[in-house]
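Dear colleague,

Please find below the structure that I am handing over to you. My notes on what was found in it follow directly after.

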Amino acid sequence: MSRVRVAVLVSGGGTNLQALIDAAARGQLPHVELALVLSNHKNAFALQRAALAGIPTRVVTRRAAGSQEAFEAAIQTALEQAGIELIVLAGFMSILSAGFTDRWPECILNIHPSLLPAFGGPGCYGLHVHEMALARGVKLTGATVHFVNEIPDGGRILAQKAVAVEDGDTPELLQRRVMEQAEWILLPQTLERVAAERTMEREKSDV
Ligand code: GRF
């Protein structure tokens, strides 16, 4: 069966990357080949997770590149060299410009820790998202997987999973619950679905 070559872009701990690695090891990503993990921080723990799983890694930093344009060009080159077809942003803490996203229409997936469009957009990342949800008093939050375009958190929504907010929640507790009950399940499932669709389209166009 043909697989889609996927790059996972990371910046930090990489628990979502781990969820993908574990799903692949369980045979739950039959249409996915995790072909590259690219980090914009050389010390990201996600790089160790990738190395342990035998996935090639690259580090591309904004500082070394010198400008956003050069940074994105270096990412593009790394992706092309690895023959990448789909990109997953899994805790990638850098906003990509239209110059980059326009080259990958409906080919970049992002996992966001809220039910978009709530708590999305510029400044809505990491623990802040859960702080905002608690401050607003929502009783349900969750995670969203969406395609990435030039609007932060604005691309087409692919899948969502709701998670209950509980009395006494702190941002940290809520973040952990959203990861365990939503992100780590939703991201592998959605990636597999998109990759399966892509292989079907490829097979049709090969006929
Ligand atoms: C996750 O909460 C994800 O939704 C957000 O960034 C965080 C990354 O965590 N985009 P990890 O690096 O996957 O552990």
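Which polar side-chain atom lies 2.6 Å from an oxygen atom of the ligand? The atom belongs to T15, whose side chain places it at that distance from the ligand oxygen. Please bear in mind throughout that the model is predicted.

**The ligand and its surroundings**

A polar backbone atom of N16 is found 2.9 Å from a ligand oxygen, and an N or O atom in the side chain of E183 is 2.8 Å from an oxygen of the ligand. On its own the ligand has 370 Å² of accessible area, and the protein covers 88% of this. The space that the ligand takes up is the largest pocket.

The shell around the ligand consists of G13, G14, T15, N16, G91, I111, P113, M179 and E183. By type, these shell residues comprise five polar, three nonpolar and one charged. With regard to secondary structure, at least two shell residues come from α1 (15–25), and at least two come from α7 (171–206).

**Backbone geometry**

Most peptide bonds are trans, and most residues other than glycine have a negative phi. The peptide bond that leads from L116 to P117 is cis, and its omega is near 10°. P117 belongs to the loop that runs between β5 (108–112) and α6 (127–136).

F119 is also placed in the loop between β5 and α6. Its phi is positive, near 55°, although F119 is not a glycine. Is F119 buried or exposed? F119 has a relative accessible area of 18% and therefore counts as buried, the cut-off being under 20%.

A positive phi is likewise found at E106, again a residue other than glycine, with a value near 55°. E106 is located in the loop between α5 (98–101) and β5. The relative accessible area of E106 is 35%, so this residue is classed as partly exposed, between the limits of 20% and 50%.

**Positions and distances along the chain**

- A35 is part of strand β2 (32–39). Its relative accessible area is 7%, so A35 is buried. A35 and V6 are 29 residues apart along the chain, and their C-alpha atoms are separated by 5.5 Å.
- P171 is located in helix α7. P171 counts as buried because its relative accessibility is 19%, which is under 20%. Between P171 and H130, 41 residues apart along the chain, the C-alpha separation is 5.1 Å.
- G123 sits in the loop between β5 and α6. With a relative accessible area of 43%, G123 is partly exposed. The C-alpha atom of G123 is separated by 9.5 Å from that of P152, and the two residues are 29 apart along the chain.
- P30 is found in the loop that joins α1 and β2. A relative accessible area of 27% makes P30 partly exposed. P30 and A82 lie 52 residues apart in sequence, with 19 Å from C-alpha to C-alpha.

**Points to take up when you open the model**

For the ligand, I would draw your attention to the oxygen distances to T15, to N16 and to E183.

Yours sincerely

Notes
Residues are numbered from 1 along each chain as its sequence is written. This is a predicted model: local features need pLDDT of at least 70, side-chain atom pairs count only at pLDDT 80 or more; totals for chains, interfaces and linings use all residues. Side-chain values use heavy atoms; hydrogens and water are left out. A residue is near a molecule or strand if one of its heavy atoms lies within 4 Å of it. A polar contact is a pair of N or O atoms within 3.5 Å; within protein, one must be able to donate a hydrogen and the other to accept it, and residues adjacent in sequence count only if both atoms are side-chain atoms. Accessible areas come from the Shrake-Rupley method with a 1.4 Å probe; for residues, only the protein chains shown count as cover. On a 1 Å grid over the protein atoms alone, a cavity is a set of points where a 1.4 Å probe fits but cannot get out, and a pocket is an open set with protein on both sides within 12 Å along at least five of seven lines; lining residues have an atom within 4 Å of a point. A molecule sits in a cavity or pocket if more than half of its atoms lie within 2 Å of its grid points. Helices (H or I, at least four residues) and strands (E, at least two) are DSSP runs, numbered from the N terminus. Ala, Val, Leu, Ile, Met, Phe, Trp, Tyr, Cys and Pro count as nonpolar, Asp, Glu, Lys and Arg as charged, and the others, Gly among them, as polar. Buried means under 20% relative accessible area, exposed over 50%, partly exposed in between (1.4 Å probe, protein chains only).
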